[in-house]
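Subject: Structure for you, with notes

Hello,

Please find the structure below. My notes on what was found in it follow.

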Amino acid sequence: MLFKHLTDSWLNKPYHHDWLEKESRRLMSFYRQARHPDAGFAALDNQGKLADDSQPDTMLTARMTHCFAIASIQGEPGAGALARWGIRALLGKLRDAEYGGWLAGIPQQTPDGRKQAYLHVFVTLAALSATLADIEGADKLLAEATDIIENRFWSDEEGCLKESFNRQWQDPEAYRGGNSNMHATEMFVQLADVTGDSKWRQRALSIVTKIIHQHARSNDYLLAEHFTAQWQEWHDYNQDKPADDFRPYGVTPGHACEWARLLLHLEAALLRHHETTPDWLLTDARGLFDAGIRYGWCADGEPGIIYTHDWQKKPVTANRLHWTVAESCSTAASLLKRTGDATYEHWYRTLWDYIANFLIDTQNGSWWHELDSDNKPSSVVWSGKPDLYHAWQLTLNSRLPLAPTLGTAVKAGLDRP
């Protein structure tokens with residue numbers, strides 16, 4: 001059933017836009033406390049405090065810098081200074097001055113760490129958003145991060161990113177990850193918008209073609225997360241680590257929903273620039289969302305999206321992570337904009353209701369990052385409230401068109417109703 005020109009949709013109600021804006025500001029206020037006195041940003045606990053032994057975290061610094069940069073474009077007082085703090089850290093203490101690139105933390109404290117594609121994607125995203133916000137040093141960071149993505153991680157032969165290297169850019173990992181390539185897809189479309197270089201959209205399409213159209217589609221949209229270096233699906237990878245925070249065993253239904261949104265953004269970007277646009281992008285987006293919701297939502301009889309299930313579609317880690325719901329809700333909004341199908345209005349409202357009733361912490365701030373199978377706060381996979389990125393982007397994506405990408409759209413003022 002099609003919605004009546006979306007006139008009855010929450011997406012077109014001024015009250016809902018106002019609610020989203022207030023939630024966006026509430027989240028932003030909480031994460032101002034994540035500024036680490038030494039450099040960049042670090043994880044917050046459930047009360048929004050830095051632990052006494054907290055250390056600067058490169059991924060969180062990149063994500064926070066991205067968010068604060070966009071907020072500064074919107075007119076959030078103080079956000080620009082926080083974005084500058086992040087850029088300085090990524091160009092300074094968090095950068096590996098000896099070999100280039102970034103480790104998980106300050107290089108002197110993580111000398112044996114690996115250089116992950118996932119992390120470098122977010123450093124590049126931070127640089128992109130800070131460039132749009134005219135943050136000092138952002139252009140320098142963008143040039144360096146893009147060069148590393150281009151010359152260290154991107155593989156023309158594979159049409160995807162390689163996964164990781166040691167600190168000296170040796171010892172390539174014999175593994176390929178869906179997660180790092182998913183966020184590369186998101187970032188590449190934004191990189192094309194900011195730089196005007198269409199090759200990044202084509203690289204996003206290359207990733208999507210391999211991981212989604214070739215692999216996920218052939219699995220009835222059960223999403224393979226892990227691959228060998230030859231791009232063979234690795235279904236038993238990390239079977240002994242079912243609650244791993246970035247590479248859990250099995251299928252992650254929240255990622256299926258997240259990929260679906262990225263396919264829609266890519267489709268909209270290709271159409272906007274009059275580039276060849278496969279018609280399967282929408283088909284695959286709908287298939288991914290359907291599989292993610294079908295096997296993730298209420299899989300154990302309680303509301304919420306489970307973290308993982310196995311290849312027989314049985315729950316493995318039934319804890320609910322906040323990002324899975326945020327991304328699924330954002331995708332429901334995107335599919336509704338794209339299709340007008342009332343099914344997605346239902347899911348958009350259902351997922352926001354779940355967020356409001358279970359995830360939003362009205363007493364301490366932010367959202368609970370993890371709930372158990374009874375929807376009570378838990379910390380099996382994640383502890384504290386370290387991440388602004390997913391929840392905050394949901395409050396924006398719901399109010400923005402599918403193209404241009406988030407930072408470019410906010411810069412153009414398209415977040416205003």
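In β8, the bridge partner of H309 is P315. A bridge of this kind belongs to a strand pair, and two strands count as paired if DSSP finds at least two bridges between them. Helices (H or I, at least four residues) and strands (E, at least two) are DSSP runs, numbered from the N terminus.

Before the rest, the basis of the numbers. This is a predicted model, in which local features need pLDDT of at least 70 and side-chain atom pairs count only at pLDDT 80 or more, while totals for chains, interfaces and linings use all residues. Residues are numbered from 1 along each chain as its sequence is written, and side-chain values use heavy atoms, with hydrogens and water left out.

The sheet

Strand β7 (residues 306-309) pairs with β8 in the antiparallel sense over three bridges. Five residues lie between the two strands of this hairpin, and K313 takes a positive phi near 70° there. On to the next pair: β8 and strand β9 (residues 370-371) are joined by two bridges, again in the antiparallel sense. L321 stands opposite E370 in β9.

Together the three strands form an open sheet in the order β7-β8-β9, with antiparallel pairing. β7 and β9 stand at the edges, each with a single partner strand, so one side of each has no neighbour in the sheet. Strand β8 (residues 315-321) is largely enclosed by the rest of the structure, because five of its seven residues are buried. Buried means under 20% relative accessible area, exposed means over 50%, and partly exposed is in between (1.4 Å probe, protein chains only).

The helix pairs

α10 lies across β7 and β8 and runs at about 80° to β8. Axes here are lines fitted to C-alpha atoms, for helices over the stretch in contact, and angles run from 0 to 180 degrees between N-to-C directions.

Helix α10 (residues 322-339) also packs with helix α8 (residues 253-272): their axes come within 8 Å and cross at roughly 35°. α8 passes α10 in a left-handed crossing. A crossing is left-handed if the near helix is turned anticlockwise from the far one by less than a right angle, and right-handed if clockwise. Residues of α8 in the contact include H255, E258, R261 and H265, and those of α10 include W323, E327, T331 and R338. By class, this contact has five nonpolar, eight polar and five charged residues. Contact means heavy atoms within 4.5 Å. As for the classes, Ala, Val, Leu, Ile, Met, Phe, Trp, Tyr, Cys and Pro count as nonpolar, Asp, Glu, Lys and Arg as charged, and the others, Gly among them, as polar.

The other pair is helix α2 (residues 58-74) with helix α4 (residues 117-132), at an angle of about 20° and with axes 8 Å apart. That makes α2 roughly parallel to α4. Angles under 35 degrees count as roughly parallel, over 145 as roughly antiparallel, 65 to 115 as roughly perpendicular and the rest as oblique. The crossing of α2 past α4 is left-handed. Among the residues that meet are M59, A62, I70 and I73 in α2, and L119, F122, V123 and L125 in α4. The contact of α2 with α4 has 13 nonpolar, four polar and one charged residues.

Backbone points to check

Most residues other than glycine have a negative phi, and most peptide bonds are trans. W231 has a positive phi of about 65° although it is not a glycine, and N238 has one of about 55°, also without being a glycine. W231 is found in the loop between β6 (226-227) and α8, and N238 is placed in the loop between β6 and α8 as well. W231 is buried at 7% relative accessible area; N238 counts as buried at 14%.

The peptide bond from A403 to P404 is cis, with omega near 0°. P404 sits in the loop between α12 (389-397) and α13 (406-411).

Loop residues

G48 is in the loop between α1 (14-31) and α2, and is buried, with a relative accessible area of 4%. G48 touches F30 and Q33, not counting residues up to four places away in sequence. G48 and K385 are 337 residues apart in sequence but 7.1 Å apart in space, C-alpha to C-alpha.

E98, in the loop between α3 (79-91) and β1 (114-116), is exposed, with a relative accessible area of 57%. From E98 to R167 the C-alpha separation is 9.3 Å, across 69 residues of sequence.

Regards
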